[in-house]
Amino acid sequence: MKTYYSAFLKIFIPFSILLFAIQYLLLNFLFETDLFYPVWAIFLFHILSTLINFSILLWVHENFQDKTGFAFMGLGLVKMLAAVIFLLPLLLSGISSVFLNILAFFIPYFLFLGFETFYAVKLINTK
């Protein structure tokens with residue numbers, strides 16, 4: 001499983017850096033807007049949650065191979081709950097640009113979720 005994790009990281013790290021650079025450049029130079037959370041905080045949340053979820057998923061697959069799909073679904077639910085808790089101060093702040101802040105969070109959220117799903121399906125399909 002360590003080789004699978006290292007193969008995951010070889011793609012995940014450049015993917016994360018590229019997404020961070022694109023969002024940072026768009027928000028700071030094209031749109032020139034201030035967000036409630038800085039871009040680095042949003043990406044720190046996404047990167048850590050994806051790494052934690054995938055590490056747990058690998059552990060479950062190694063120890064309880066038939067439960068990997070259930071673990072992926074449960075971890076996805078926990079990740080969504082963590083996202084809501086992360087965004088709660090923004091939602092309660094009363095700032096005027098809530099929609100832009102939500103987009104700045106959820107566009108990378110779904111890209112990271114798609115990345116995680118792709119590798120989880122590959123993991124589930126291994127024998």
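A residue counts as buried when its relative accessible area is under 20%, and as exposed when that area is over 50%, with partly exposed in between. The legends below apply these terms to a predicted model.

Figure 1. The protein contains four helices and zero strands. In sequence order, the elements follow the pattern α-α-α-α. The C-alpha trace spans about 50 × 30 × 15 Å along its principal axes. Of the 127 residues in the protein, 35% are buried. Among contacts with a separation of 6 or more, 76% are between residues 24 or more positions apart.

Figure 2. Thr 68 belongs to helix α3, which covers residues 68-93. Its relative accessibility is 2%, and Thr 68 is therefore classed as buried, since the limit for that class is under 20%. The side chain of Thr 68 makes a polar contact of 3.0 Å with the side chain of His 61. When residues up to four places away in sequence are not counted, Thr 68 touches Leu 57, Val 60, His 61, Leu 123 and Ile 124.

Figure 3. His 46 is located in helix α2. With a relative accessible area of 0%, His 46 is buried. A polar atom of the His 46 side chain lies 3.1 Å from the backbone oxygen of Phe 105. Apart from neighbours within four places in sequence, the residues in contact with His 46 are Phe 105, Pro 108, Tyr 109 and Phe 112.

**Figure 4. Close-up of Phe 54 and its surroundings.** Phe 54 is another residue of helix α2. The relative accessibility of Phe 54 is 0%, so this residue counts as buried. Leaving out residues up to four places away in sequence, Phe 54 touches Tyr 4, Tyr 5, Phe 8, Glu 116, Tyr 119 and Ala 120. From C-alpha to C-alpha, Phe 54 and Leu 75 are 8.9 Å apart in space, while in sequence they are 21 residues apart.

Figure 5. Ala 120 is part of helix α4. Ala 120 has a relative accessibility of 0% and is counted as buried. Residues up to four places away in sequence aside, Ala 120 touches Phe 54, Leu 57 and Phe 72. Ala 120 and Asn 53 are 67 residues apart along the chain, and their C-alpha atoms are separated by 10.0 Å.

**Figure 6. Close-up of the aromatic pair Tyr 24 and Phe 29.** Two aromatic rings pair if their centres lie within 6.5 Å, and the count of such pairs comes to 30. The ring centres of Tyr 24 and Phe 29 are 6.4 Å apart and the ring planes meet at 80°, so this pair is edge-to-face. The threshold for that class is an angle over 60 degrees. Tyr 24 is partly exposed, at a relative accessible area of 38%, whereas Phe 29 is exposed, at 55%.

**Figure 7. Close-up of the aromatic pair Phe 45 and Phe 86.** The rings of Phe 45 and Phe 86 have centres 4.9 Å apart and planes at 25°, so the pair is stacked. Phe 45 is in helix α2 (residues 39-63) and Phe 86 in helix α3, so the pair ties together parts that are 41 residues apart in sequence. Both Phe 45 and Phe 86 are buried.

**Figure 8. Close-up of the largest pocket.** The largest pocket holds about 220 Å³ of space. It is lined by 13 residues, of which Gln 23, Leu 26, Leu 27, Ala 104 and Ile 107 are the closest to its centre. The elements that each give two or more residues to this lining are α1 (2-30) and α4 (98-124). Helix α4 gives the most to the lining of the largest pocket, with six residues. By residue class, the lining of the largest pocket has 12 nonpolar residues, one polar residue and no charged residues.

How values were computed:
Residues numbered from 1 in each chain as written. Predicted model: local features only at pLDDT ≥ 70, side-chain atom pairs only at ≥ 80, totals over all residues. Heavy atoms only, no water. Buried < 20%, exposed > 50% of the residue type's maximum accessible area, 1.4 Å probe, protein only. Polar contact = N/O pair within 3.5 Å; in protein donor to acceptor, adjacent residues only side chain to side chain. Contact = heavy atoms within 4.5 Å. 1 Å grid on protein atoms, 1.4 Å probe; cavity = no way out; pocket = protein on both sides within 12 Å on 5 of 7 lines; lining within 4 Å. Points joined across faces, edges and corners; volume = space filled by probe spheres on them. Nonpolar A, V, L, I, M, F, W, Y, C, P; charged D, E, K, R; others polar. Phe/Tyr/Trp six-rings, centres within 6.5 Å; stacked < 30°, edge-to-face > 60°.
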